[in-house]
Amino acid sequence: MGHQRLGDIPKTQKWTAVVERLGGGGGGTVASATPVASVEKVSAEILFAAEGGLQQSINDRGLQFTFYLLTQIVLTARSDDWTAELAERGIRLHSDASVFDLTAEIQRLVSEDARTHGRVSTISEIAQQAACEAVAHLTKDKAATLFGSGRDELQQAIRKLSTKAGFSDLGQKFFGNFVARYLDFFASKILPGIASEHFRLQDYSNFRQALYMHCHQSAKIVHDFSGEWYSKTEWEKGITLDNSRGFIAVALEKLRAELKKQREAIQ
Amino acid sequence: MSRPRLILCNGAELPKSDTLRGERHTVTFSTQGRRANVHLRIEDIVHKFQEQLTPRLEDLLEIATYVYVADIATKRSGQWAADESLEPWERDHRFVIGVRDPAFWSQSHVKDLLAETLQHLADDAYDFHFQPLKQSKSQKQSYFQVGSDADWPFRDCDRVVMFSGGLDSLAGIAEAASHGENLVLVSHRPVAIQNSRQVALVAHLRQTFPQVKLLHVPVWINKDDSLSKEFTQRTRSFLYSALGAIVAASVNAKGVRFFENGIVSLNFPVSGDPKALHDFQRLYSLVLGRDMVVDNPFIFLTKQDVVELIATTGHPSLISSTCSCAHQGHFQSKSRWHCGTCSQCIDRRFAILAAGLENHDAAADYKTDVFTGERKEGYEQRMGIDYVRHGVELSQLSSEEIATQFHALISRAFRYCPDPKNAPEKLVEMHRRHGNAVKTVLSKALGDHAAAIVDGTANTKCLLSLVATRQHLIASWRHFAVLVKHVLRRGLPPLCQKALPENELRLQELCDGLLKAAAVELVREYPYMKWGSNLTKPDWSKEELLLWIEAKYVRKRDGLGKISEAIAADITKYGDSQRRVLFFVFDPEHVIVDEPSFIKPILDRDGMDVFIVR
């Protein structure tokens, strides 16, 4: 869903080899083994090929700003006057605001920031989607409902993410979503084109579900690290956009290395 | 990304040393003179209303036209960055445009809003600079005034309606007409064939609703063929809405109305998503100096809902006069209006079948049958698979799951929808309805063509074949081979992590243990087969499937050549014995560098398969 980007994967040697390895060779097709084995291989192949983009995403202003906003939203949820604290950061929530209002504000601010500092990039879009999904997922169990909750219930739900443990969950969810959507960006261009008698629609759907699960599980590597960084940094010097950048770089590198290790294990 | 552009329009000039030039690639667009490469017939509007447009409205139309032409003339291409992993999607456009009302357009809040609107639509960077127009115009400038005839049926109408000739705009028009509303319909005419179909539909509408007055304002806007490079056309809705705003100004209407179902509006917007319409509303209100509403009352409807709405007007026969195809004018067919492969054709067909109105939409009107026609690899297959996958996945998700997974999309749109408080829930439910409709239609189509799928006569590249598993057509031995591969791929690497097997015999023993532990029934070293003067036997066999399995161990010290020779010999021997063979190659030292070349000769043989484990 969302504005589709309909470009094809580049027809270069590198990507052609990825397509061939995924599409049917001795290495097997997407559906030639159980979904877990397949998704490990597919995500590893794509990550290997798309590593450059993931490394460069560390420098993406949109990703940095999105993550920074997440830290500020959860931190301010501890205060007695959340509305005022959020307003200082440019986020406006009315009294019957739902989680949709909150995530709409995140996206508005990221877009405004992009106009000031450049333009909205693909990485920024992916980061926003990852952040929105992470917030929605983690608050839905804590808020009365995704629809119709007010600002007070929303604050209570977000406040639970403001602890070390809560932010650990948020960090894992955010980075897991981010990498899954990044890999899916390529998978969605490659997989529908693989014409194999073993690969059909339901395989593709199963694969996508497995991809998200796989990335979320792999992101466990940053779970504790996220909470420790959040707690320590806020206590010592306060979380800023600058130190958020440093954290993102380390977190993504950890996750990238974890996925790379898995690739090596299955080869 | 493609090189940033400097786009000079309407005779605008910049000295060579001007800092606005930067390192940008300069292009020039003009609607006038010998070098005109953009063709815009303002007289289409002028003729209808017999008055000139105001200078500012004429500027708006030209700005929107130039933005659109720049969009389709600038390919989203170039080298993928970051070692081929960052798509060159975004573009950077700097416009310098000659306008009649530079004082207005040069205001920072106007330029900012224009840039913000387009950035949201197109994901590109926009920057605008305006100069006084230097080009002379043949028409004498005079300001437009609404006609003094108080009885003119279109005076002060509520909205002008954007009319594409497709199902959605038909539904809106038919519903309004059935309530007796006089309507002004505005169309963009890029190609002659689209125009003729729109004209025919308007005639059909007039015939169907004789008591209602319909004013059709089609406007020609096109460009030199050499400028057609990019097909995404994200800014088309800006041009389209600008046309609507100008006509709305001409008839003193309160606003512009689009009719577009919510699924398309949020996911593949042609007219603009809810935020885009909100931005248009702000912009045109500024331009006109009064409130101008731009809305879409179908935002909570699926395409099936829209088609059913047409039926409720009592005139479903109007459907056959509509055209939804994105490729109108681009595929050759005398009698058929729909290509059958674009997303719009697929969506149309699914919606009509879901609404049970297929009597008004002949399958023969589609050049490629949506369900059984062959789809070319690439765009056509991807479009079909993605459409169906999206729908089927939606049908399997709960409302909460949809609200979570697609949260960013919904949260970006809901506050610009009617009834924002309940909009998220309505948007989620709309997506569920859409998913259920896709699944229902697909299930029926599969049922209708079950015989062809069962006996394998259905085209292998049609949508139904791409959807159906066709597992029953895959030989049992291949199913079994999948199982063997899975067991050895999962089990062997961790087993050999500390120490590699000393030789091939040891490798076979390890594999045998894994297979037995997984209860994979195979017989070891059986049967014996005479070949020439020798007896040979496979490492494993499953005779009931006529399947033999051979393990090969590639070591650096032995070299790849030895293994290749052994495999070639086995292929000959076992092939002659009417057996299928699964070759399992253990390559822990990565001796095989060119995997595709290694496996190709094996896979080219009927009844042979190979997999490599490292």
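**Asp96(A) and its surroundings**

A: Leaving out residues up to four places away in sequence, Asp96(A) touches Asp101(A), Ser149(A), Gly150(A), Arg151(A) and Lys421(B). The model is a predicted one, and the contacts described here are computed from it. Asp96(A) is located in the loop that lies between helix 5 (82-88) and helix 6 (99-117) of chain A. Its relative accessible area is 35%, so Asp96(A) is classed as partly exposed; the limits of that class are 20% and 50%. Asp96(A) and Glu234(A) are 138 residues apart along the chain, and their C-alpha atoms are separated by 29 Å.

Read along the sequence, the pattern of chain A is α-α-α-α-α-α-α-α-α-α-α-α. Chain A has 267 residues, of which 63% count as buried. Among its contacts between residues at least 6 apart in sequence, 76% join residues at least 24 apart.

With residues up to four places away in sequence not counted, Phe175(A) touches Phe67(A), Ala219(A), Val222(A), Phe247(A), Ile248(A), Ala251(A), Leu252(A) and Leu255(A).

In chain B, the packing of helices can be followed through helix 12. Helix 11 (residues 303-312) of chain B packs with helix 12 of chain B at an angle of about 60°, their axes being 8 Å apart. Because of that angle, helix 11 of chain B is oblique to helix 12 of chain B. The two cross in a right-handed sense. On the side of helix 11 of chain B, the contact is made by Lys303(B), Gln304(B), Val307(B) and Glu308(B), which meet Asp347(B), Arg348(B), Ala351(B), Ile352(B) and Ala354(B) in helix 12 of chain B. By class, the residues of this contact divide into 4 nonpolar, 1 polar and 4 charged.

Helix 12 (residues 343-354) of chain B also packs with helix 13 (residues 379-396) of chain B, at an angle of about 40° and with axes 10 Å apart. Helix 12 of chain B is therefore oblique to helix 13 of chain B. The crossing of helix 12 of chain B with helix 13 of chain B is right-handed. Here Ser343(B), Ile346(B), Asp347(B) and Phe350(B) of helix 12 of chain B meet Tyr379(B), Met383(B), Gly384(B), Tyr387(B) and Val388(B) of helix 13 of chain B. This contact of helix 12 of chain B with helix 13 of chain B comprises 6 nonpolar, 2 polar and 1 charged residues. Asp347(B) takes part in the contact with helix 11 of chain B and in the contact with helix 13 of chain B.

Helix 13 of chain B also holds Glu380(B). Its relative accessibility is 14%, so Glu380(B) counts as buried. Apart from neighbours within four places in sequence, Glu380(B) is in contact with Thr341(B), Glu374(B) and Arg375(B).

Key:
Residues numbered from 1 in each chain as written. Chains lettered and ligands numbered in written order. Predicted model: local features only at pLDDT ≥ 70, side-chain atom pairs only at ≥ 80, totals over all residues. Heavy atoms only, no water. Axes fitted to C-alpha atoms, helices over the stretch in contact; angles between N-to-C directions. Helix = DSSP H or I, 4+ residues; strand = E, 2+ residues; numbered from the N terminus. Parallel < 35°, antiparallel > 145°, perpendicular 65-115°, else oblique. Left-handed = near helix turned anticlockwise from the far one by under 90°. Contact = heavy atoms within 4.5 Å. Nonpolar A, V, L, I, M, F, W, Y, C, P; charged D, E, K, R; others polar. Buried < 20%, exposed > 50% of the residue type's maximum accessible area, 1.4 Å probe, protein only.
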